[in-house]
Amino acid sequence: MSLDFIFGIIAFLLTLMVFSYLIGDNLFFRIAIYIFVGVAAGYVAAVAFRQVILPDLLTPLVYGSSTEKITLAVPLLLSGFLLMKIIPSTSRIGAPAMAVLAGVGAAVAVGGAVTGTLFPQIGATVDAFASPAAFQFVNAVIVLVGVVFTLIYFHFGARTASDGSVRRFGLIEIGAFVGSIFIAITLGTLFAGVYSAALTAFIERLHFFGTFFGLG
Amino acid sequence: MRAIAVVLAVATGLLVLIGYFIPTLAPIQSMILNWAIILSGAAALVGVFNLIWVHWGKISRREKGSLYSAILLICLIATLIFGMLLGPDDSNMRLLVNSIIVPVEATLMALLAVTLVYASIRLLRRRANLMSVVFLATALLLLIASATLPFGEIGPLNNFVRPWFQHAWALGGARGILIGVALGTLMTGLRVLFGADRPYGGK
Amino acid sequence: MADTIKCPVCGEINPADLEFCQNCQSRLQPLTGPLRGENAPISPGQAPTKKVTSELEPILPQWLRNARQQARRSAEEEAARAEEKQKTKSVPSGPDLLAGLASQSQEEEEDVPDWLANITGSPAKKKKAEAEDAQVKFVELGRDEMAEPSPSDDENAAPSWMTPQEPAPERDELSDWFKQASASASSFDASTSLGTAPEAAPVESVSSEPEPFSNFDTSNSDWLKPETAPLEEASGIVHRETPDWLKNLDTGAPVVPPQPPTSNEPPAQTQAQGDVPDWLKSFGAETPSAPSAEGVPDWLNAAAPSREEPQAVQPEAPSSGETSVPSEMPDWLASLKPASSQPSEPSGPATPALTPEEPPAKTPSASPVFTEDAMSSADVDAIFSSMQMPDWLTSVAPSAQTSEENLPPAAQSEEAIAPVELPSWVQAMRPVEAALPESSSGAADSELETRGPLAGLHGVLPSVPGVATPSSKPKAHSIKLNASEEQQAHAALLEQILAAETSPVPMKAGSVVSSQRVLRWLITVLLGIALAGATFVGTQIFPLPADVPIETSNAIAAVEAVPPDAPVLVVFDYEPSTVGEMEASGASLMDHLLLLKHPRLTLISTSATGSALAERFMSSVLVNRSYQRGVQYVDLGYLPGGLTGVYGFTQSPSLVMPYDVDQGAAWQMPPLQNVTRLSDFAAIIIMTDRLESGRVWIEQSALTRGNASLILISSAQAGPMFLPYVDAGQVNGMVAGLNGAAGAEQANGGQPDSVVRRYWDAYSLGLLFAVVMILLGGLWNFALGLRDRRAQEGS
Amino acid sequence: MNLIGLGLVGFSALLLLLFSIAKRKSPVKLRAIPALTRLYRAFGLSVEDGTRLFIALGRESLITPNAGAPLSGLGMLRHLTERTSLSDRPPIAAAGEASLALLAQDTLEAGYQAAGAGEYYQPTTGRLTGMTPFSFAAGAMPILRDESVSASVLIGHFGVEAALLADAAERENAFLVGASDDLSSQAALYASAPEALIGEELFATSAYLGATQSHTASLTVQDILRWLIILALLAGAALKLLGMI
């Protein structure tokens with residue numbers, strides 16, 4: 001009995017156990033997902049050690065140049081602080097390391113938002129009007145209207161109305177209503193795509209069953 | 001320690017941020033980003049120990065579901081040990097991925113096919129408003145336009161309506177959402193860089 | 001004697017000759033005077049000392065001896081006359097409250113002189129009745145308020161504790177003593193008795209004693225039954241016949257005292273003794289203390305007689321000008337003084353000092369507390385109802401309510417307000433009943449508080465006419481909340497919020513939960529059958545879309561533009577969850593590429609599991625192309641760091657990822673020959689299921705990829721989001737999901753065993769199934785949702 | 001373009017500082033977001049009936065452009081912890097990425113300390129339930145079922161796996177609000193979650209749940225930038241049509 005066949009049976013059983021969730025939460029589903037969570041966590045940790053810590057930190061510290069060693073002293077120290085978080089009593093020592101991660105993450109988020117989303121999306125919306133084709137122009141107008149009213153939909157500022165309720169300015173409310181329609185169309189379109197992906201996964205699992213039993 | 005953390009967060013964050021716009025600071029930005037990558041790798045190890053700690057506690061306290069925690073710990077530790085020794089690219093480790101991670105994840109994704117249909121049916125019960133109606137109508141239109149019938153395609157739907165919605169109608173809302181998310185991300189990041197929000201602890 | 005008397009209760013100025021206040025009807029004239037010298041009162045329970053006066057005769061002067069003999073003779077004649085009267089006249093049995101003294105008074109009447117006989121007139125009864133009613137009402141209403149006594153009150157008010165009062169030996173002594181007193185009556189100086197107030201205290205004290213009984217339903221209280229039976233009988237006698245001496249009180253005119261025969265003693269005696277339990281005979285004081293038997297000290301019971309005996313001399317109330325009474329006050333009568341320390345001046349009676357006899361007066365104070373609470377305090381009711389109460393306590397409330405209902409409307413209306421204004425626990429603290437005897441007797445010089453927490457205390461507030469008037473109704477206090485409209489609106493809003501917060505959230509009915517489960521099962525079964533049938537049977541009745549999406553056509557064109565044997569970078573950036581879709585989506589295009597151009601592939605992944613998925617793709621989807629790792633393709637493995645890693649790789653790929661998954665020098669391997677930069681690749685194919693990761697590659701590679709074409713193989717869930725990049729030209733082409741793969745398969749020849757072809761029937765069936773289910777189920781739930789909304793709006 | 005980007009960031013930071021420091025005559029009024037209103041009520045009810053709150057922060061690494069969503073989730077977690085740390089069952093935060101889980105622990109601890117209940121903090125309330133997207137969701141599903149969770153918040157970067165958590169919450173009749181910056185996830189959550197926050201609303205949770213002035217100032221600045229972007233879009237489209245750019 002080959003190793004592939006054994007793992008094939010394991011894959012089949014796990015698939016069956018997870019599918020049992022459609023009937024309801026049960027023992028087999030729990031066992032399957034706990035096995036899955038454990039294996040996935042162990043695998044990702046192994047990847048992090050073998051492909052991040054080892055090549056980017058430990059190896060250069062041993063075999064790297066002095067410049068590399070000096071440069072890596074900071075992450076080595078911060079990593080040491082971070083490992084202190086394993087023990088709850090010493091977890092506070094890891095605060096500087098977490099602060100670096102949070103600060104870098106915030107900076108990457110800000111930079112990515114400006115250079116990766118705001119400018120490209122605004123530019124693409126405007127550039128669509130460069131096309132001379134009528135249909136493209138109509139599409140560009142639809143996209144522009146959709147973007148503008150969707151942005152208006154998210155407007156947060158409001159004021160107290162005469163009846164005591166907190167509402168936005170009348171025109172903004174109208175624009176927000178139009179924006180909500182565009183948002184609904186967008187989410188509906190994406191939902192169709194999500195369902196298509198899930199349906200394809202379902203079909204793939206069925207084909208796996210068919211292959212396992214020699215069907216189809 | 002808290003004050004040092006704030007200083008480190010603001011200093012490293014500002015250096016990385018400025019590096020996006022001032023090319024001369026790009027090397028410093030790259031160096032700090034490499035530090036962050038290493039730290040995220042170390043955090044993964046700490047996270048695994050955190051996972052072990054949580055489930056070991058459940059087992060030691062004999063809480064409900066400690067059997068599952070034991071199963072998880074066995075699988076986790078075994079995979080971690082073999083993964084570190086053999087490496088994640090070892091054929092046996094890949095076999096492990098293909099026989100456990102892939103089937104379970106793919107099946108969980110497959111469950112969504114049922115879950116999403118069920119949720120769509122229940123949507124108008126939860127939120128019977130125009131937005132939900134438009135949402136479902138669009139979804140149904142796109143689903144029909146994505147399929148074919150035994151006697152052939154549903155002409156205009158497949159060839160015109162579907163592409164038009166994807167290229168125009170859905171695009172406007174999507175861009176608006178993405179721009180809005182970018183604005184929110186910008187403000188959230190700036191609050192962290194100013195030290196107003198300190199997810200790493202402190203006041 | 002002063003011309004005016006200030007009412008000690010209400011402060012009203014009254015003429016000195018009035019006995020009762022014109023305003024509050026409180027007694028103004030003290031009924032008892034001080035007892036001094038040898039007449040000093042005996043202490044409670046102390047028996048009068050027996051005086052054998054015959055032994056002193058020899059030493060007496062002749063005139064006195066003659067007088068004594070005359071007195072004996074006259075006494076014998078009177079006794080004989082009394083016997084004759086007894087035959088023709090029924091025995092006058094006093095009212096139950098005097099039952100104990102009836103025989104005694106009759107005994108006294110043997111030798112009682114006229115002045116003493118005159119005091120047994122109806123006025124005395126009237127005063128007693130008024131005072132008694134006042135006290136009963138006070139107890140019931142919680143304040144000194146005159147009201148019509150209810151029959152039940154009258155009965156319950158009967159001081160049955162009086163019945164066993166007279167010890168027989170004392171009576172004998174008294175008779176002897178009275179003989180002497182009557183004999184020496186003329187020798188007393190009248191001046192000594194002038195101004196001495198009639199002894200009303202005993203009467204008041206007597207009338208105040210019924211308080212505990214007036215509020216207890218003796219028929220319900222088990223603990224009272226043993227004693228109430230005889231008491232009720234005694235009271236019955238009272239109502240049947242009123243003794244002459246009481247009748248005479250009605251007419252203030254002095255009447256010739258009847259000569260009650262001594263023979264009427266025994267019947268009264270037998271009746272009293274026959275009705276009263278033995279323990280009661282022997283120790284009558286226990287009766288009044290019985291209601292408060294719990295916690296009442298023994299000395300309290302012992303003190304009772306001292307307050308009862310004065311009843312015997314109650315007929316002396318009207319000051320007849322007789323002077324012999326005070327001087328010849330018998331010892332037993334003298335014992336009254338402590339019980340009712342009376343001032344000598346009725347106009348300004350001194351505040352009675354606390355005497356050992358006052359605590360006994362507190363004994364009844366327990367009963368009004370119970371009755372008041374039972375009547376007016378819902379809190380105490382709640383407490384009592386929630387706790388195990390003794391029978392005697394549970395029987396209190398009903399009787400109290402009974403007496404309450406018997407009140408006249410006016411009294412009830414006032415009653416309805418007054419008790420509520422005072423917390424029950426404060427009422428329980430009031431020494432009202434203890435203090436009232438003095439108050440009603442006018443013994444208090446200072447103001448007596450009869451309301452509120454200070455009730456029963458003297459001198460705590462100045463005596464100002466019109467203030468604290470017992471008969472005046474309490475000021476009407478507005479019970480309306482003093483709040484502005486806005487405050488009330490806010491309060492209402494808060495109330496609504498609290499009501500919403502605290503309103504029980506109805507749990508989903510089991511039927512609803514089960515219906516959801518059934519719906520899930522129904523969807524699972526129908527979808528499973530449809531997909532499994534199409535999959536396992538392998539039908540191909542649903543044609544692939546003939547029309548190829550524009551982005552897919554562009555992707556095919558970009559692939560066909562790749563030079564033969566050119567290096568191509570393939571990025572595996574999807575999760576295992578979408579492996580089925582991604583492999584199906586990329587299979588046709590990749591197969592088309594490998595089939596046409598035989599490119600040298602370089603695989604890299606930006607997800608931890610991507611490397612394994614890449615190998616899976618090569619070993620399963622492209623198995624027919626028999627690509628070997630290290631020969632036709634190289635696997636660089638996992639590129640960590642997300643955006644940063646991609647950025648670094650796009651800048652200098654050979655530095656960031658120098659080794660392949662087998663730790664070999666990747667850039668020295670055949671697939672990467674002459675490749676050092678990103679722009680050296682002929683094409684970059686990104687297989688991704690997420691917009692973010694795909695966008696990173698698009699944006700980061702834009703400046704460094706040169707002329708390399710960028711092709712996206714995307715999941716259907718992210719495909720629409722990549723379209724802007726395709727339209728903007730940042731991406732040369734894209735294959736999104738199974739629909740895109742179908743178009744790519746058209747270009748690939750539409751092979752029947754291709755992945756997309758094998759999936760398509762089940763895929764189309766699944767889509768149509770979802771459309772039908774969502775349409776029908778959605779409409780049904782839409783109707784239910786509208787119904788729920790109407791129901792909520794209605795509620 | 002770099003200078004424009006830097007200018008935009010600087011301008012945004014300046015506005016944020018001004019509105020954070022400036023003392024307003026009247027508090028900022030924000031439009032009603034029903035999902036957040038119900039979420040606020042669900043928090044109160046869960047504290048009253050002694051049930052638990054569950055906050056899922058997503059599975060995105062912090063050093064990616066999508067770090068904004070999890071950072072916003074951490075901000076909400078902080079305010080939530082300060083208010084519910086003394087409840088019978090303290091809130092549980094779960095993450096699908098290690099560094100995010102550690103930050104969640106730090107945030108929880110800081111929240112407990114701010115509430116004066118630092119000694120009650122338990123590190124196990126900040127959990128790493130899985131290290132891949134679906135393993136994170138699969139690891140979080142038992143929490144919804146086994147730890148008497150009555151209200152859940154999914155706030156961060158999620159994929160479609162968020163729909164599994166929403167379904168698990170519905171099976172337990174638990175209240176759930178879904179908020180993700182991923183469009184596909186938003187589509188799935190809109191259909192499957194009892195309440196869903198769309199796009200930018202994700203970043204307003206802290207301000208709506210009673211956070212500091214800097215959070216409301218952020219929304220004010222976002223509104224200002226929003227209208228500037230709208231003007232830029234309209235002007236850019238007009239200029240593009242006219243061929244001036």
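In the predicted model, M590(C) touches V570(C), L601(C), F617(C), L622(C), I685(C) and I713(C), residues up to four places away in sequence being excluded. M590(C) also belongs to the largest nonpolar core, which comprises 347 residues. Within this core, M590(C), L601(C) and F649(C), together with Y195(A) and L108(B), are the residues that touch the most other members. The greatest contribution to the core is made by helix 4 of chain B, spanning residues 91-126, which provides 22 residues. In soluble globular proteins, nonpolar side chains tend to be buried together.

Chain B also forms an interface with chain D, in which 61 residues of chain B contact 65 residues of chain D. The size of an interface is often expressed as the accessible area lost when the parts come together. Between chain B and chain D, the buried area is about 5,200 Å², with 72% contributed by carbon and sulfur atoms.

On the side of chain B that touches chain D, at least two residues each are supplied by helix 1 (2-21), helix 2 (26-60), helix 4, helix 5 (130-146) and helix 6 (155-193). Helix 6 of chain B accounts for the largest share, 15 residues. Classified by residue type, this side of chain B contains 38 nonpolar, 13 polar and 10 charged residues.

Conventions: Residues are numbered from 1 along each chain as its sequence is written. Chains are lettered from A and ligands numbered from 1 in the order in which they are written. This is a predicted model: local features need pLDDT of at least 70, side-chain atom pairs count only at pLDDT 80 or more; totals for chains, interfaces and linings use all residues. Side-chain values use heavy atoms; hydrogens and water are left out. A nonpolar core is a set of buried Ala, Val, Leu, Ile, Met, Phe, Trp, Tyr and Cys residues joined through side-chain atoms within 4.5 Å. Buried means under 20% relative accessible area, exposed over 50%, partly exposed in between (1.4 Å probe, protein chains only). Helices (H or I, at least four residues) and strands (E, at least two) are DSSP runs, numbered from the N terminus. Contact means heavy atoms within 4.5 Å. Buried area is the accessible area (1.4 Å probe) that two parts lose on being put together, summed over both. Ala, Val, Leu, Ile, Met, Phe, Trp, Tyr, Cys and Pro count as nonpolar, Asp, Glu, Lys and Arg as charged, and the others, Gly among them, as polar.
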